[in-house]
Amino acid sequence: MPFLDLETSLPAAQLAPDLGQKLCAAAASILGKPVDRVNVTVKSSLPMVIGGSAAPCAQLLVSSIGVVGSAEQNRGHSAKFFEVLTKELGLGPDRILIRFYPLEAWQIGKNGTVMTFL
């Protein structure tokens with residue numbers, strides 16, 4: 001059950017209306033998870049600074065069970081997410097950061113329980 005949180009200083013009007021859907025489909029493909037398990041949040045118009053510069057930028061937080069737990073996995077994921085983000089946001093790769101967080105099944109609540117028991 002991946003969670004993606006995209007935060008950007010770009011105004012909402014500059015983002016494709018279906019950016020969340022595109023990111024959801026891309027994440028499912030990149031992480032090898034069913035699209036109906038992927039959760040995406042897009043936050044725009046945020047005051048942000050990356051590397052000391054307030055130029056337009058974005059950061060993506062990717063949390064998931066079992067697929068973001070090693071440098072080798074995340075190197076591949078990073079390359080693929082950067083392809084999507086640079087295309088969709090029109091930003092250079094130096095203005096985008098990605099943070100990966102591995103999750104355990106007991107850390108995600110769903111349907112009144114946790115994923116461990118589903």
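His77 is buried, with a relative accessible area of 10%; buried here means under 20% relative accessible area, exposed means over 50%, and partly exposed is in between (1.4 Å probe, protein chains only). The model is a predicted one, where local features need pLDDT of at least 70, side-chain atom pairs count only at pLDDT 80 or more, and totals for chains, interfaces and linings use all residues. Residues are numbered from 1 along each chain as its sequence is written, and side-chain values use heavy atoms, with hydrogens and water left out.

Let's start with the helix itself. His77 is found in helix 2, which covers residues 71-89; helices (H or I, at least four residues) and strands (E, at least two) are DSSP runs, numbered from the N terminus. At 1.5 Å times one less than its number of residues, the 19 residues of helix 2 should span 27 Å, and its end C-alpha atoms are 25 Å apart, which agrees. After helix 2 comes Gly90, with a positive phi near 70 degrees.

Which residues of helix 2 are buried? They are Asn74, His77, Ser78, Phe81, Phe82, Leu85, Glu88 and Leu89. Seen down the helix axis, these buried residues fall within an arc of 145 degrees, so they line one face of helix 2; the arc is that of the directions from the helix axis to the C-beta atoms. The face turned away from this buried side carries the exposed residues Glu72, Arg75, Glu83 and Lys87.

Now for what lies over the buried side. Its cover includes strand 1 (3-8), helix 1, strand 3 (58-65) and strand 4 (96-103). Leaving out residues up to four places away in sequence, His77 touches Ile30, Leu31, Val67, Val68 and Phe100, where contact means heavy atoms within 4.5 Å.

| Salt bridge | N to O distance |
|---|---|
| Lys22 and Asp18 | 3.7 Å |
| Lys22 and Glu88 | 3.3 Å |

Lys22 lies in helix 1 (residues 19-31) and Glu88 in helix 2, so this pair ties together parts that are 66 residues apart in sequence. Through shared partners, the salt bridges join Asp18, Lys22 and Glu88 into one network. Within it, Glu88 is buried at 19% relative accessible area, whereas Lys22 is partly exposed at 34% and Asp18 is partly exposed at 36%.

Key:
A salt bridge is a side-chain nitrogen of Lys or Arg within 4 Å of a carboxyl oxygen of Asp or Glu.
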